Every structure is written in C-alpha cells, then in structure tokens.
Amino acid sequence: MQKITLKLFRYNPETDTKPHYDTFELEAEPTDRVLDLMEKVKGYHDGSLSFRRSCAHGVCGSCAMRINGQNMLACKTLVQDLKTSRITVEPILGLSVLKDMIVDMDPFFDSYKKVMPFFVNDEPKPAQERHQSIEDRERFDDTTKCILCGACTTSCPSFWSNDEYIGPAAIVNAHRFIFDSRDKGAAERLQILNDQFGVYRCRTIFNCTVACPREIQITQAIGEVKKAIATGSLD
Ligand code: SF4
Ligand code: F3S
C-alpha cells in the first residue's frame, strides 16, 4: 500500500460560480486503477462526485479523463503507471462540463454522425457474404478498434481553438469505411471531410495518437484520408 494524494476537479454549473479542486488522501495498491481511487472517493468520502464509467475494462470508452494533464482511460491507468503519489484528475478539454468529470459529448457524437459511420452499399446482396481479401481487410483494421472515448479529439489543439473542427475521432471512423473495399460511400465521405472544418484542420500535431487508449495510428489514418482527397484515389 502507498499513500496517494488525489486532487479532483469539481464543478456543478447549476450551483457553483466557478470550478474548484477537492483533495483526498487515500491508501492504494500500485496496481489499483485511477478508476478504483475515484470509486473509493465516491463510495466512502463524497457520493456527489460525478464521472462516467461502465465496463471498467477499456472497452466502453466512458471514462476518458485528463489524468496528470494527459487524456487517458481511468480504468486502464494504474497508480504505478503514473510514477508519482500525487494524481490530479480533470475532465477532458474542449467540451462543456455538465458536472465534475462529466462533459457534454453531444458535439462529439454530432461530428461522428456527419461522416456516415455505417456501411453503404445499395448493390443487390450476394447469395452469401460480401467477400473481401485478407489484404483488403487489413487496409482498415487499425481504425476498426475505435471505442469512441473522445480522448483524441479532446487532446487536439486544433479542436480546442475551433470546436467546429470535425476532429480525429470522426476521421478515424470515416477511414474505417472509406478504405473498406465492400463500401460504396467513400466519395461522399471524402467530400464531407474536404469541408473547411474537415480533415485539413489537422495540423499533424500527434496529440491524438499519443492519447488513444487503443493505440490507433490516428495521425497516419488522417494522412491517408488527406491523400485520398488530394489524389482522388484510395490506393
Ligand atoms: Fe478514443 Fe482512439 Fe477512438 Fe479517438 S480513435 S475516440 S482516442 S479509441
Ligand atoms: Fe489534432 Fe491529431 Fe491532427 S492532435 S492536429 S488531429 S494529428
């Protein structure tokens, strides 16, 4: 066991004039997750602490938070990973705070919906499944891993400076279908992303790639989408 000082961002826009921080002194195992510490605070110290969580196993994408200044999933971040006994948890940036660590995800999902994140193919269905070679499947394998946690978009300085930027998460999910050989909606998606708030708002800053808990090569995927727009080819 070790002593941990956990500093938590607190803000309720309905009752508070401005945010503040609450600090808790806790005992923790090095293998405890930041989410475990927050559950301890909520369960034993202050039941009003608000944060999203669901699966607690890095799959649902609910618990993206800023932990010691960097976007991470609280359920995947161990105390020992942080290499300090002082841990600060704040909400992800660029989206309005609803309460404590809970932000309004609606603008994030509005951007996601804009890129048509679903399979498009109006051709008659084959008798069996639509076949795809192993190589064609591998083309978009990386971008299938997205769990829509928002850690990428909310770590992007281009998004902070203009929240109309569609953001890396939406581009990742567009990439997943644009480069799917069975899909027929690529041209429409590329046109959407060629907008003034589309893919060219990306300045190749790489924060998104560093933040992604699924280790998706986001900046590379964005580069591939830019190239497809510029050349008119998916090769
Ligand atoms: Fe989260 Fe990565 Fe998907 Fe972005 S690309 S929403 S960081 S899983
Ligand atoms: Fe932002 Fe990632 Fe591009 S951090 S500027 S979307 S490489």
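**Close-up 1. Arg10 and Asp100 form a salt bridge.** In this predicted model, their closest N and O atoms are 3.2 Å apart. A salt bridge here is a side-chain nitrogen of Lys or Arg within 4 Å of a carboxyl oxygen of Asp or Glu. Arg10 sits in strand E1 (residues 2-10), and Asp100 sits in the loop between strand E6 (97-99) and strand E7 (102-103), so the pair ties together parts that are 90 residues apart in sequence. Helices (H or I, at least four residues) and strands (E, at least two) are DSSP runs, numbered from the N terminus. Arg10 counts as buried, at 5% relative accessibility. Asp100 is buried too, with a relative accessible area of 3%. Buried means under 20% relative accessible area, exposed means over 50%, and partly exposed lies in between (1.4 Å probe, protein chains only). Arg10 and Asp100 also belong to a network of salt bridges that links them with Asp22, Asp46 and Lys99.

Residues are numbered from 1 along each chain as its sequence is written, and chains are lettered from A and ligands numbered from 1 in the order in which they are written. Local features need pLDDT of at least 70, side-chain atom pairs count only at pLDDT 80 or more, and totals for chains, interfaces and linings use all residues; side-chain values use heavy atoms, with hydrogens and water left out.

**Close-up 2. Glu90 pairs with Arg66 in a salt bridge.** The closest N and O atoms are 3.4 Å apart. Glu90 lies in strand E5 (residues 86-90). Arg66 lies in strand E3 (residues 64-67). The pair links distant parts of the chain, 24 residues apart. Both residues are buried.

**Close-up 3. The side chains of Glu123 and Lys184 meet in a salt bridge.** The N to O distance is 4.0 Å. Glu123 is in the loop between helix H3 (106-114) and helix H4 (134-138), while Lys184 is in the loop between helix H6 (168-178) and helix H7 (186-193), so the contact ties together parts that are 61 residues apart in sequence. Glu123 is partly exposed, with a relative accessible area of 44%. Lys184 is partly exposed as well, at 46%. The structure holds 16 salt bridges. Side chains of opposite charge can pair when their charged atoms come close.

**Close-up 4. Domain 1 meets domain 2.** The domain assignment of the chain gives domain 1 (2-103) and domain 2 (106-231). Such bounds come from an automatic or database domain assignment. The C-alpha centres of the two domains lie 29 Å apart. Their contact takes 13 residues from domain 1 and 14 residues from domain 2. Contact means heavy atoms within 4.5 Å. The domains bury about 1000 Å² between them, 61% of it on carbon and sulfur atoms. Buried area is the accessible area (1.4 Å probe) that two parts lose on being put together, summed over both. Asn71, Leu93 and Leu95 supply 42% of the area that domain 1 buries against domain 2, more than any other three residues.

Which contacts cross the interface of domain 1 and domain 2? The rule finds zero salt bridges there. It finds three residue pairs in polar contact (both at pLDDT 80 or more). A polar contact is a pair of N or O atoms within 3.5 Å; within protein, one must be able to donate a hydrogen and the other to accept it, and residues adjacent in sequence count only if both atoms are side-chain atoms. Strand E4 (residues 70-73) gives the most to the side of domain 1 that touches domain 2, with three residues.

**Close-up 5. Asn71 lies in strand E4.** Is Asn71 buried or exposed? At 6% relative accessibility, Asn71 counts as buried. Its side chain reaches the backbone oxygen of Ala151 at 2.8 Å. A polar contact of 3.0 Å joins the side chains of Asn71 and Thr154. Leaving aside neighbours within four places in sequence, Asn71 is in contact with Met65, Arg66, Ile92, Ala151, Thr154, Ser155 and Ala211.

**Close-up 6. Helix H6 is largely enclosed by the rest of the structure.** Eleven of the eleven residues of H6 are buried. Among them are Pro168, Asn173, His175, Arg176 and Phe177. What covers the buried residues of H6 includes H3, H7, helix H8 (207-211) and helix H9 (218-231).

**Close-up 7. Lys18 is in the loop between E1 and strand E2 (20-28).** Lys18 counts as exposed, at 59% relative accessibility. The C-alpha atoms of Lys18 and Asp163 are separated by 22 Å. Along the chain, Lys18 and Asp163 are 145 residues apart.
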